[in-house]
Amino acid sequence: MNSRLRRLLAGSELFSFNVVRRDRWIARQAEQLSAGTKVLDVGAGSCPYRALFSHCEYLTQDLAPLRGDQLRHGGYGQLDYVSDLAAIPVPDGSFGAVLCTEVLEHHPEPIKVVHELARILAPGGTLILTAPLGSGIHQEPYHYYGGYTPWWYQRFLGEAGFDKVTVEPNEGSLRCFAQESLRFIQTTRPFKLPLPWLGQCVWIPMWLGLAPILGGMIPWACKYLDRFDFERRFTVGYHVTARRR
């Protein structure tokens, strides 16, 4: 797959809804912060959201243990604090907002982390948080949990000192099915799996027949039908905000 097509698919709400919708949600949260708000982006990695907080005093933290190819933009951005997420070297109440995106599952003690985020936020400060409900192994070996439920956020953010906790699913079950349909097509594309010669000969025409269905029709149908998934028993992840008491 050439780089132009890869960029096109990565920016498509149909084919990459998880990241595209999460980025849009974070942009909306950033817009709600007053100019000059002191923001700490924890587990910032390559700092993909820096531009969204250009009206704020934007600082970053990360333990920085990963290889460049494990990060969204191929390497770490400018980091202001290199530390454990559960022990950030700043005084209590230092920030008006904390951004924590797709990080909790990568720390062995996530409950300790949310207590630390409460410590560094000033009273009335805002926590902007995202994490998966179900995710495959990634950024190994620093991946300890598959995901978190709304009840996890309500219980442990409350115990850490937060109130006004809001938890929004990033789409429903059917869009999650669409994501896995696309993953199937990508994982099984011709010659990627080490099939024997005869197996390749059988699988290639089958894959060519399935590709437009699983890679096009299913994602489109799931995008339309997802609005009727009122139970929302599964999602790729949640978007969470909370206020420091």
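Biologist: Is Cys-201 buried, partly exposed or exposed?

Modeller: In this predicted model, the relative accessibility of Cys-201 comes to 37%. Since buried means under 20% and exposed over 50%, a value of 37% makes Cys-201 partly exposed.

Biologist: What is the distance from Cys-222 to the nearest cysteine sulfur, and how many disulfides are counted?

Modeller: Cys-222 has a relative accessibility of 10% and therefore counts as buried. The nearest cysteine sulfur belongs to Cys-176 and is 9.6 Å away, whereas a disulfide requires sulfur atoms within 2.5 Å; Cys-222 is accordingly in no disulfide. By this rule the number of disulfides is 0.

Biologist: Which strands stand at the edges of the sheet?

Modeller: The sheet is open and has 7 strands with mixed pairing, in the order S3-S2-S1-S4-S5-S7-S6. An edge strand has a single partner, so one of its sides is left without a neighbour in the sheet. The strands to which this applies are S3 (81-82) and S6 (162-169).

Biologist: In which sense does S1 pair with S4, and which residue of S4 is the bridge partner of Asp-41?

Modeller: Strand S1, residues 38-42, and strand S4, residues 95-101, are joined over 4 bridges in the parallel sense. Within S4, the bridge partner of Asp-41 is Leu-99.

Biologist: Which residue in S2 stands opposite Lys-38?

Modeller: S1 also runs parallel to S2, with 5 bridges joining the two strands. Of the 5 residues of S1, 4 are buried, so this strand is largely enclosed by the rest of the structure. On the S2 side, the residue opposite Lys-38 is Glu-57.

Biologist: What angle does the direction of helix H3 make with that of S5?

Modeller: Helix H2 (residues 17-31) lies across S4, S5, S6 and S7, and runs at about 15° to S7. Helix H3 (residues 110-120) also packs on the sheet, where it touches S1, S4, S5, S6 and S7. The angle between the direction of H3 and that of S5 is about 145°.

Notes: Residues are numbered from 1 along each chain as its sequence is written. This is a predicted model: local features need pLDDT of at least 70, side-chain atom pairs count only at pLDDT 80 or more; totals for chains, interfaces and linings use all residues. Side-chain values use heavy atoms; hydrogens and water are left out. Two strands pair if DSSP finds at least two bridges between them. Contact means heavy atoms within 4.5 Å. Axes are lines fitted to C-alpha atoms, for helices over the stretch in contact, and angles run from 0 to 180 degrees between N-to-C directions. Buried means under 20% relative accessible area, exposed over 50%, partly exposed in between (1.4 Å probe, protein chains only).
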